[in-house]
Amino acid sequence: MLKAPTIENIELGSGDNGIAIIGQDFHFNADVEAGDKIETVDITIRQKSGETYPADWSMSIIWDQYKGLKNTNVHQHFDIPEDAVEGIYEVVILVKDQNGETTEVTRDLTIYNEASFPN
Amino acid sequence: MKNYFRLALIAVTLGFYACEGNEDEIDTEAPIINMAFDEAFPQQCEVLQRGETYTIEALFSDNFELGSYSLDIHHNFDHHTHSTDVAECERQPTKEAVNPWLIIEGHEIPSGQKSHRISLPLSVPTNVDTGDYHLMIKLTDKEGWQTIKGIWMIIR
């Protein structure tokens, strides 16, 4: 039986606050260990069924710089695009292994406009 | 002729066992970054001055064979966290980055080494933002196991 990758120590937003602000830097962290070797790590932020949004929006990033590693720390900072819309989203973190196995973890993330962010 | 075959059989058998021996040993251990010796640099919460040149000193080791390493210096003006071991130092004020110091560079380690000492010059540019920074040293062995050491540095 092939071993699936593992994903641990996930942090969405600074200090794992589960918050993203449109137009601002977003902090993402996770420790990944492959069953065989890592092929890709990708993250998708998408709208949830049952929630309502003023417009359609989603984003996805594929990181292939971890290819060939047995384990790694994925630490990325990226901007939440200006065209993102507020709401409660689900973040899907997907690790593909070179042995063909995949593991995904889904977590909630709240996206705010800077103006409406409750400081 | 008979002796020739016997010799060939022994050679093939030896070859088979030699290969089998290697394949039986699966590397399950990540490499080690040692910065716990007198000359190791930088240490947690090290203060570096702009315009000065320092030397990164670290000792790498692995149970089988080392592969490569990379250095990543990025600002921590937002005081973000890593799940790798970045210490908590006295925080400089949170601020926006204007011209942050950024280094991401990869280095190969000559093949066949189980132990490798690095002494790499590190010049802090005169025009970069002062404040809190992270230095991440990422060491990977030939099998692909990676160890990351995170160091909090302060640039003045």
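Task: Work out how many residues of chain B are in contact with how many of chain A.

Solution: Start with the rule: two residues are in contact if their C-beta atoms, placed from the backbone, lie within 7 Å. By that rule, 13 residues of chain B are in contact with 16 residues of chain A. Next, sort the chain B side by class: 3 residues are nonpolar, 8 polar and 2 charged. Here Ala, Val, Leu, Ile, Met, Phe, Trp, Tyr, Cys and Pro count as nonpolar, Asp, Glu, Lys and Arg as charged, and the others, Gly among them, as polar.

Before you go on: this is a predicted model, where local features need pLDDT of at least 70 and side-chain atom pairs count only at pLDDT 80 or more, while totals for chains, interfaces and linings use all residues. Residues are numbered from 1 along each chain as its sequence is written, and chains are lettered from A and ligands numbered from 1 in the order in which they are written.

**Exercise 1: chain A overall**

Task: List the elements of chain A and decide how its radius of gyration compares with the globule rule.

Solution: Helices (H or I, at least four residues) and strands (E, at least two) are DSSP runs, numbered from the N terminus. Chain A has 0 helices and 8 strands, so to read it from the N terminus on you get β-β-β-β-β-β-β-β. Its radius of gyration is 15 Å, close to the 14 Å that the globule rule gives for 119 residues, so chain A is as compact as a globular protein of that length. That radius is taken over C-alpha atoms, and the rule is 2.2 Å times the number of residues to the power 0.38. Along its principal axes, the C-alpha trace spans about 50 × 25 × 20 Å.

**Exercise 2: the nonpolar cores**

Task: Find which residues touch the most other members of the largest nonpolar core.

Solution: First, the terms. A residue is buried if 20 or more other C-beta atoms lie within 10 Å of its own, exposed if 12 or fewer, and partly exposed in between. A nonpolar core is a set of buried Ala, Val, Leu, Ile, Met, Phe, Trp, Tyr and Cys residues joined through C-beta atoms within 7 Å. Of the 22 residues in the largest one, Val32(A), Ile38(A), Val41(A), Leu109(A) and Ile111(A) touch the most other members. Then look at the elements giving two or more residues: β2 (19-21), β3 (25-33), β4 (38-47), β7 (87-97) and β8 (102-112) of chain A. Zoom in on Val32(A): leaving out residues up to four places away in sequence, its contacts include Pro5(A), Ile38(A), Val41(A) and Val95(A). A second, separate core of 16 residues includes Ala58(B), Leu66(B), Tyr69(B) and Met153(B).

In soluble globular proteins, nonpolar side chains tend to be buried together.

**Exercise 3: strands of chain B**

Task: Trace the strand order of the open sheet in chain B.

Solution: Chain B has 1 helix and 8 strands, in the pattern α-β-β-β-β-β-β-β-β. Two strands pair if DSSP finds at least two bridges between them. The open sheet of 5 strands runs β2-β8-β7-β4-β5, with mixed pairing. At its edges sit β2 (46-48) and β5 (103-108), each pairing on one side only. Inside, β4 (residues 66-75) and β7 (residues 131-141) of chain B pair in the antiparallel sense over 9 bridges, and Leu71(B) stands opposite Ile137(B) in β7(B).

Now try the other pairs. Strand β1 (residues 32-34) of chain B runs antiparallel to β3 (residues 53-61), joined by 3 bridges, with Ile33(B) opposite Phe60(B). β3(B) also pairs with β6 (residues 115-123) in the antiparallel sense, over 9 bridges, and there Tyr54(B) stands opposite Leu122(B).
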